[in-house]
Amino acid sequence: LRLWMGEGAGGGSEDMGSRLALGLSALGHYLHLLVWPFDLSVMVGPREMVGGVEQFSTLWMGAGFLLMIFTGAAWWRAGKSSDAHGWRSDILWFILPLLPVLHLIPLGTPWTAAARYLYLPLVGVCSLCARWAARDSRGAMACAVLALAFAAGSWNHTAHFESDKALWTHELERTPGNVTAAENLGHAFYRAGEKKEALDAWTQG
């Protein structure tokens with residue numbers, strides 16, 4: 001609400017078509033994070049650079065459209081269940097927290113998507129998985145395997161947050177030439193008194 005109502009929120013220059021495209025792209029990006037939460041980056045979002053021009057990712061837009069269809073089908077299917085209220089409540093736990101950050105109403109933020117926006121929607125996803133596991137032994141096995149795989153991925157990714165230098169070194173390796181990552185890495189080195197390393201980092205951006 002503060003982003004929507006704050007002064008100088010910005011973002012109003014984009015027309016509704018652009019905001020819809022951004023919303024679909026963001027949905028696709030979040031689907032990617034849900035299905036493959038490995039090799040994460042704080043700098044990767046639903047737009048891509050093509051010939052030096054920032055554009056909406058066609059891949060993420062398509063994935064976002066598929067996610068909308070899948071969610072609608074899941075809602076319809078849940079209505080046929082004896083526990084329709086529970087299933088649909090879990091689906092709403094996924095949908096409603098995402099709606100405010102899909103940029104249909106301009107947020108005016110310098111970022112277009114963030115992994116932290118999935119914290120609340122994941123409550124719905126985890127609850128859906130728990131319901132599936134409780135009803136089907138194969139579902140329970142699949143959820144256990146996924147939980148172990150995602151736990152291993154989380155264990156590996158947390159090493160990138162040990163320090164500012166570790167984080168921005170990882171980001172620069174993942175997206176070479178990224179100005180923001182290079183600038184932040186340079187500042188991290190500079191604060192540590194490593195001026196030569198700071199200059200090398202700044203020149204990479």
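1. Taking buried to mean under 20% relative accessible area, 30% of the 205 residues of the chain count as buried. The model is a predicted one, and the points that follow should be read with that in mind.

2. Among the contacts in the chain with a separation of 6 or more, 60% come from residues 24 or more positions apart.

3. The largest nonpolar core has 13 residues, and those with the most contacts inside it are L27, Y30, L98, V101, L102, Y117 and L118. Helix α2, which spans residues 16-35, gives the most to this core, with four residues. Apart from that core lies another, of nine residues, including L167, L172, L185 and A201.

4. Helix α7 (residues 164-174) and helix α8 (residues 179-191) have axes that come within 9 Å and cross at roughly 150°. Because angles over 145 degrees count as roughly antiparallel, α7 is roughly antiparallel to α8. The crossing of these two helices, α7 and α8, is left-handed.

5. On the α7 side, the contact is made by D164, K165, W168, T169, E171 and L172, while α8 contributes A181, A182, N184, L185, A188, F189 and R191. Sorted by class, the contact of α7 with α8 has seven nonpolar, two polar and four charged residues.

How values were computed:
Residues are numbered from 1 along each chain as its sequence is written. This is a predicted model: local features need pLDDT of at least 70, side-chain atom pairs count only at pLDDT 80 or more; totals for chains, interfaces and linings use all residues. Side-chain values use heavy atoms; hydrogens and water are left out. Axes are lines fitted to C-alpha atoms, for helices over the stretch in contact, and angles run from 0 to 180 degrees between N-to-C directions. Angles under 35 degrees count as roughly parallel, over 145 as roughly antiparallel, 65 to 115 as roughly perpendicular and the rest as oblique. A crossing is left-handed if the near helix is turned anticlockwise from the far one by less than a right angle, and right-handed if clockwise. Contact means heavy atoms within 4.5 Å. Ala, Val, Leu, Ile, Met, Phe, Trp, Tyr, Cys and Pro count as nonpolar, Asp, Glu, Lys and Arg as charged, and the others, Gly among them, as polar. A nonpolar core is a set of buried Ala, Val, Leu, Ile, Met, Phe, Trp, Tyr and Cys residues joined through side-chain atoms within 4.5 Å. Buried means under 20% relative accessible area, exposed over 50%, partly exposed in between (1.4 Å probe, protein chains only).
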